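Thank you all for coming.

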Amino acid sequence: MAQNIFFYVIAAIMAFSAIRVVTVHNVVHAAMYLVVVLAGVAAQYILLASEFLAATQVLVYIGAIVVLVLFGVMLTRAKLGEQVNLTNDYWYVGAFTAVILFALLAFSLLDHFGDEPLDQAAAETQLRDNTEQVADAIFGQYVVPFQAVSVLLLVALVGAIVLARRD
Amino acid sequence: MDEVMLNQWLVLSAILFSTGVYGVLAKRNAVVVLMSIELILNAVNINLVAFGAHNGTIAGAVFALFVIAVAAAEVGVGLAIVLLIYRNRRSVDLDEVAQMKG
């Protein structure tokens, strides 16, 4: 099935790039691999029939957050060439934790969901008027959390300015 | 193999999540730690959207949107803090930020 071919190709690229983000020795290269992962996530949203979320992912993550991270790299003057060791002395504890965590997650997921197919009919109900459905949900049922997120963004904006201002 | 499984997305998200956890624990550059947090948040979003599609409700996508908004706020404040650390110490090495160590 075409959907599966696309899924496995994109998933393989995403897994490779995610591992490169945390293993590469250059901060700028890590940011570029992060772009590949985030674009892959947007493609997965399209495979899951959430086109509005895919567009938001590209605009907010690739358009804004990665640029912000690159500004952070520049302002903290990370050496742009081949970087010295970016991992700390206890990286093997992190690797152990991550491997155990993945093994537990994968075991429990395969144990509980096994061969459960994705409900295609249910997924297709979202495909029609996806943006309209999202808008109805945000400005209807979820309007209070939406307002709370607006206030949170304002607070974060003011907080970031206060923190980063020189005086 | 021909059928589309729910587990495909869940296991992909588990891979991204574990990679992000490794990055948070093992990297000493604060900006790379922020990037690893983005990996973790994206793994959560894939899970939310996959379960939303599986159940046929839009709620998964809506919550993923909220997570994206919170991630934007988090990275903004996080980078401001990293800048402040850099301005005070001329370095973003997290191993050197250890004054509160007992």
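**Domains, interface and core**

Let me begin inside chain A, where seven residues of domain 1 are in contact with five residues of domain 2. Please keep in mind throughout that this is a predicted model. On the domain 1 side of that contact, the elements of chain A that give two or more residues are α3, residues 51–75, and α5, residues 120–127, and the residues on this side divide into three nonpolar, two polar and two charged. As for the bounds, domain 1 of chain A covers 2–128 and domain 2 covers 129–167, and the C-alpha centres of these two domains lie 23 Å apart.

Ile138(A) sits in helix α6 of chain A, which is made of residues 130–139. Ile138(A) has 18 other C-beta atoms within 10 Å, and therefore it counts as partly exposed. Leaving aside residues up to four places away in sequence, Ile138(A) touches Phe146(A) and also, from the other chain, Val62(B).

Which residues of α7(A) are buried? They are Val149(A), Ala156(A) and Ala160(A), and because they cover an arc of only 30° around the axis, they are on the same side of α7(A). What covers these buried residues includes α3 of chain B, residues 59–89. The face of α7(A) turned away from the buried side carries exposed residues, among them Val143(A), Gln147(A), Ser150(A), Leu154(A) and Ile161(A).

That brings me to the contact between the chains, which takes 76 residues from chain A and 65 residues from chain B. On the chain B side, α1 (7–26), α2 (30–55) and α3 each supply at least two residues, and α3(B) gives the most, with 21 residues. By residue class, this side of chain B divides into 46 nonpolar, 13 polar and six charged.

The largest nonpolar core has 70 residues, and those with the most contacts inside it are Val31(B), Met35(B) and Val49(B). The elements that give two or more residues to this core are α1 (2–23), α2 (27–47) and α3 of chain A, together with α1, α2 and α3 of chain B, and the largest share, 14 residues, comes from α2(B). This core also draws at least three residues from each of the two domains of chain A. To take one example, Met35(B) touches Val21(A), Ala30(A), Ala31(A), Leu34(A), Val69(A) and Gly23(B), again not counting residues up to four places away in sequence.

I will finish with two details of the backbone. Most residues other than glycine have a negative phi. Ala49(A), although not a glycine, has a positive phi of about 65°, and Arg90(B), which is not a glycine either, has a positive phi of about 60°. Ala49(A) lies in the loop between α2 and α3 of chain A, whereas Arg90(B) is found in the segment after α3 of chain B. Is each of them buried or exposed? Ala49(A) counts as buried because it has 22 C-beta neighbours inside 10 Å, while Arg90(B), with 11 other C-beta atoms within 10 Å, is exposed.

Technical notes:
Residues are numbered from 1 along each chain as its sequence is written. Chains are lettered from A and ligands numbered from 1 in the order in which they are written. This is a predicted model: local features need pLDDT of at least 70, side-chain atom pairs count only at pLDDT 80 or more; totals for chains, interfaces and linings use all residues. Domain bounds come from an automatic or database domain assignment. Two residues are in contact if their C-beta atoms, placed from the backbone, lie within 7 Å. Helices (H or I, at least four residues) and strands (E, at least two) are DSSP runs, numbered from the N terminus. Ala, Val, Leu, Ile, Met, Phe, Trp, Tyr, Cys and Pro count as nonpolar, Asp, Glu, Lys and Arg as charged, and the others, Gly among them, as polar. A residue is buried if 20 or more other C-beta atoms lie within 10 Å of its own, exposed if 12 or fewer, and partly exposed in between; C-beta atoms are placed from the backbone. The arc is that of the directions from the helix axis to the C-beta atoms. A nonpolar core is a set of buried Ala, Val, Leu, Ile, Met, Phe, Trp, Tyr and Cys residues joined through C-beta atoms within 7 Å.
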